[in-house]
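Dear colleague,

I am passing on the structure we spoke of, with my notes set out below it. Please read the two side by side.

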Amino acid sequence: MSIVFFCISRLLQLVPVLLGITVVAFLLLRVMPGDPATLMLGSRGTPEDIAALTTQLGLDRPLWVQYLFFLGDIARGSFGRSIAYKAEIGPLLVARLWPTLALVGLSTVIAVIVTVPLAMYTAVRRGSLVDHAVKFFFVAAMSMPAFWLGVLLVLLLAIVFPIFPVSGYGDTLPAHLHHLALPAFIIALGTCALTIRSLRSAIIAVLGADYVDTARAKGLPERAVLWRHVFRNSLMSTISVLAVHTSWVIGGTVVIETVFGIPGLGSLLVASISARDYPMVQGLTVTFAVLVVIINLLADIGYALVDPRVSLS
Amino acid sequence: MSKSFRTGSAVKTGFIGALLLSSALVAQAHAATFRLGVASDALTVDPIASSDNPSIWTELLIYDQLVRPSKDGTKLEPGIAESWTVSPDGKEFRFKLRDAKFSDGAPVTAADVAFSLKRAAGDKSEWGRFFRPITSYEVVDDHNIVMKLDKPFTPILNNLAMFSASILPQKLVEAQGAAFFEHPVGSGPFVLKSWSRGQKQELVKNPNYWEKGKPSLDAASIEVVPEDNSRVLKLKAGELDAIIGVPFNQAESLKSDPNVQVSVAPVFRIDLVQLNTTKAPFDNLAVRQALNYALDKDAIIKGILRGNAKPATSSIPVMAYHNTELKPYPLDLAKAKELLKQGGVPNGFKTSMLVSAGDVTARQVASAIQASLKKIGVEVELQTIEGSSQFSTTKSGNFQMSLSYATSDTIDPDQLVGFTAVNPERANAFHTQWKSEKLNELYAQERTTLDGPERGKQFKEIEALTHEGAPFIFLYAPSQPYASRKTVSGFEVLPTSNYSLKDVVLK
């Protein structure tokens, strides 16, 4: 019950944040040089054509009127019509939302699966050859630009050994997973570099705590000591790191989406900015903001589940 | 020993398993469909609301127009109109329609033609100005229509070959409104079956298409692969049958792939440097000519475009009525310095040039221009600018030099002349503000002169005036490399940059 109440109150807190974000997104777009009508007509339009199209798009109204119309659209649960696509934004956006969520979700799952055993092993056997190897590997992976690593892996795993498709998204669920495996793995590498380090040092710190000695002294098997006591108590900081990084990944998938031709939100955002598709960019900004808040909310719930001292209020 | 062997074989088994799985998945997707890779998705298939190339290209596959450009881009050939006549005064056009059907089986009638063209000329159309010279439509019967103009306007016939003049079924569009374009019906060779935004458009053959035996494909999918490298790799891996937009530096290496064939399309495009003639020293003709003499165009074409371009003589590429007597400005540094002296800047000057960000070829060409102009003492600072901002920046006149290009939607030079050479018309001579009263006069004449040698002479003179006036540094007219697998025949990118699929055969 308290979780439901907590979620509702957090979502309510979101409203002023979103208002702020809409103002910034709205104004930034208008400050940028270039306007949709000129871009659409380009070489073909006379000044009169451009003026007529500007009026038709409603962009000749005062800024504050346009802003109020935008808020009105949101209040009605829609983002209005896209200038470039000439269609309702809602369905366009939802269609692009799933590939991005699938990509981010899959990469997070991969990151967690890789992080937990490696962090535990390297913390317990710190200073070992494996510890150094893991550290070296992930620093190297993190230092490589994602697009470059992406192209390299495609060359290896799609051309030389054709296991994965070069790019695309597929039509069915197995095909989606097959197409998303490589890009998700590349994103996960970057995440792992952060989470392994964070979880490893947290585990090392907890290993020195008195209650760990107590647990050992009362004769618990080492496995139980490590997983029930040490691991659970080490998770807090890593959850934060994972949440912050995942929020960043959501906005930053554009490079990977472009390299792998995934029809997600990132590529839509870049295309919409180029076309000065104001309503679409506004809609996307709000969507990104909501996603980031939801991830932080999940992280808060995660804290409460891991640590009974944290209460959701 | 035995342990490591087990691990090895486990890895191997997993590897082979993955291989089988992936080939099964790939095979499933491949079912006699022609798969074309393009860089960006269409935005809409409403012909009067499109201005981006991917939308236009899809429209040209699913709709027909009265007339259409021939494949080599030199003349107009019959489309939905089987034949047509133009009255001697150029004010009356009679079209006779063929027996064609829309993909739903309904006949294409003269009423549909009148409806579609009135719609294209209407208030909601982004292309109204192209069709408003037609002042009346007279539907004689189902197969005959007469259009009248108040005064002659020669480019109209070419405008009728544009995507925006696509013939739509009146009944369906009127009944469905905007929803029509979610499941559009046309009389072109293909039908848009489904569209996953940002991912692909799936086309199937129009069983009612009027050209006998075409298209030979049952289906085609146009897949969005934004990244140049990925597109090339997907072609090599056999995940695509053809791709357009092959980067110049990859065209060479693709040629060495035994499964791939590379071709180049001579598209109507001209690359040039806009000079802001309202700013000193670009207001001086001698200085503008000096810049043209200082550039080694052949070296740029050879080094950066790998030979895929022709040096430009003016702001019009080689198309109908081209002036073959003009020669490109040659590289002549002595003459360039002499002209700078005449222009009052004997020691050169400092200036800046806008370059579109993210366009690799443009960046390389800009550096080459910078190096060339340095030899006559002109120091150019390169200013990288986002592609969408470049047009509005030059339009507002807030620039000195800008590296850009222009393309044509029609095979008639009227469009590019109006855009790059006439001031004010549409763009104040592509934002250079250069003005030649003589040229403006010729433009007005050309638009009312019937097609023929007389009109050709006017265009040739327009080109000569532009060449002489040098409001640009004329660079080159590039060709566009594209590639397909050897199992494909008949795939072609046309001079108007769109591609034809109706002659494609998959082996």
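S247(A) is found in helix 10 of chain A, the helix that covers residues 222–252; please bear in mind, here and throughout, that the model is predicted. With a relative accessible area of 13%, S247(A) falls under the 20% cut-off and therefore counts as buried. When its neighbours within four places in sequence are set aside, the residues in contact with S247(A) are V292(A), I295(A) and N296(A).

As for disulfides, the structure holds zero of them over all chains.

Turning to the interface, 46 residues of chain A are in contact with 40 residues of chain B, and the two chains bury about 3,700 Å² between them, of which 58% lies on carbon and sulfur atoms. Three salt bridges are counted between chain A and chain B; K200(B) forms a salt bridge with D171(A), and the closest N and O atoms of that pair are 3.2 Å apart. Nine residue pairs are found in polar contact across this interface, with both residues of each pair at pLDDT 80 or more.

On the side of chain A that touches chain B, the elements that give two or more residues are helix 2 (36–41), helix 3 (47–56), helix 5 (89–124), helix 7 (146–160), helix 11 (254–259) and helix 12 (265–274), each of chain A. Helix 3 of chain A supplies the largest share of that side, namely five residues. Sorted by class, the side of chain A that touches chain B is made up of 26 nonpolar, 14 polar and six charged residues.

With kind regards

Methods
Residues are numbered from 1 along each chain as its sequence is written. Chains are lettered from A and ligands numbered from 1 in the order in which they are written. This is a predicted model: local features need pLDDT of at least 70, side-chain atom pairs count only at pLDDT 80 or more; totals for chains, interfaces and linings use all residues. Side-chain values use heavy atoms; hydrogens and water are left out. Contact means heavy atoms within 4.5 Å. Buried area is the accessible area (1.4 Å probe) that two parts lose on being put together, summed over both. A salt bridge is a side-chain nitrogen of Lys or Arg within 4 Å of a carboxyl oxygen of Asp or Glu. A polar contact is a pair of N or O atoms within 3.5 Å; within protein, one must be able to donate a hydrogen and the other to accept it, and residues adjacent in sequence count only if both atoms are side-chain atoms. Helices (H or I, at least four residues) and strands (E, at least two) are DSSP runs, numbered from the N terminus. Ala, Val, Leu, Ile, Met, Phe, Trp, Tyr, Cys and Pro count as nonpolar, Asp, Glu, Lys and Arg as charged, and the others, Gly among them, as polar. A disulfide is a pair of cysteine sulfur atoms within 2.5 Å. Buried means under 20% relative accessible area, exposed over 50%, partly exposed in between (1.4 Å probe, protein chains only).
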